[in-house]
Amino acid sequence: MKSQRTRSQDRILDLLKILNRSISAQDIYLELRNRSENMGLATVYRSLEALKLEGVVQVRTLANGESLYSTAQEDRHHLTCLQCGESIPINECPVHELETQLHQAYQFKIFYHTLEFFGLCTQCQLAHHNGAAE
Ligand SMILES: [Zn+2]
Ligand SMILES: [Zn+2]
């Protein structure tokens with residue numbers, strides 16, 4: 001399936017591949033500007049939207065509501081601490097089999113999935129506990 005991407009979409013996709021991490025639309029805009037590739041913020045958002053619907057870019061929304069974009073190859077999940085915001089990547093993915101089942105049951109074309117766990121990290125648990133004891 002060959003898609004017709006715009007030049008802006010190609011540039012953003014290239015940038016995400018180079019950076020190899022999750023980044024906000026605002027930061028994509030700044031990164032492009034640092035590379036002397038000026039693109040309007042509205043174009044960045046529009047391009048990200050198109051890439052998202054194509055399934056090559058995935059979005060992760062943080063607890064503070066900020067959306068982070070990355071290339072969709074990685075199947076990475078996180079333990080996110082609600083207090084300090086630390087995001088610990090976990091390597092296991094328990095849902096691959098489920099994805100196949102869902103595809104068969106609903107004929108739904110799944111591009112990717114997200115799976116996140118929220119709570120308190122070890123350090124924050126200690127701080128929380130000490131705080132409560134006082
Ligand atoms: Zn924490
Ligand atoms: Zn997974």
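**View 1. The end of helix 3 in this predicted model, where G55 follows the helix.** Directly after helix 3, G55 adopts a positive phi of about 90°, in a model that is predicted. Helix 3 itself covers residues 41–54, and its 14 residues, at 1.5 Å a residue, should span 20 Å, which agrees with the 20 Å that separates its end C-alpha atoms.

**View 2. The two sides of helix 3, with its buried and its exposed residues.** The residues V44, S47, L48 and L51 of helix 3 are buried. Seen down the helix axis, the buried residues of helix 3 fall within an arc of 105°, so they line one face of the helix. On the face turned away from this buried side, helix 3 carries the exposed residues A42 and L53. The partners against which the buried residues of helix 3 pack are helix 1 (7–19) and helix 2 (25–34), together with strand 2 (57–61) and strand 3 (67–71).

View 3. Ten residues make up the largest nonpolar core, namely I12, L16, I28, Y29, L32, V44, L48, L51, V57 and Y69. At least two residues of this core come from each of helix 1, helix 2 and helix 3. In soluble globular proteins, nonpolar side chains tend to be buried together. When residues up to four places away in sequence are left out, V57 touches L16, L48, L51, K52, Y69, T71 and A72.

**View 4. E66 in the loop between strand 2 and strand 3.** The loop that lies between strand 2 and strand 3 contains E66, and this residue counts as exposed because it has 12 C-beta neighbours inside 10 Å, where a residue with 12 or fewer is taken as exposed. Although E66 and I23 are 43 residues apart in sequence, their C-alpha atoms are 9.8 Å apart in space.

View 5. Most residues other than glycine have a negative phi.

View 6. Three strands, arranged in the order 5-4-6, form an open sheet in which the pairing is mixed. Strand 5 (87–90) and strand 6 are the edge strands, each of which pairs on one side only, and from one strand to the next the twist averages 20°. Strand 4 (residues 77–81) and strand 6 run parallel and are joined by four bridges, with L79 standing opposite F117 and T80 standing opposite F118.

**View 7. The hairpin of strand 4 and strand 5.** Strand 4 and strand 5 run antiparallel and are joined by four bridges, and in this pairing T80 stands opposite S87 of strand 5. The two strands form a hairpin with five residues between them, and in its turn G85 has a positive phi of about 85°.

Methods: Residues are numbered from 1 along each chain as its sequence is written. Chains are lettered from A and ligands numbered from 1 in the order in which they are written. This is a predicted model: local features need pLDDT of at least 70, side-chain atom pairs count only at pLDDT 80 or more; totals for chains, interfaces and linings use all residues. The expected span of a helix is 1.5 Å times one less than its number of residues. A residue is buried if 20 or more other C-beta atoms lie within 10 Å of its own, exposed if 12 or fewer, and partly exposed in between; C-beta atoms are placed from the backbone. The arc is that of the directions from the helix axis to the C-beta atoms. Two residues are in contact if their C-beta atoms, placed from the backbone, lie within 7 Å. A nonpolar core is a set of buried Ala, Val, Leu, Ile, Met, Phe, Trp, Tyr and Cys residues joined through C-beta atoms within 7 Å. Two strands pair if DSSP finds at least two bridges between them. Axes are lines fitted to C-alpha atoms, for helices over the stretch in contact, and angles run from 0 to 180 degrees between N-to-C directions.
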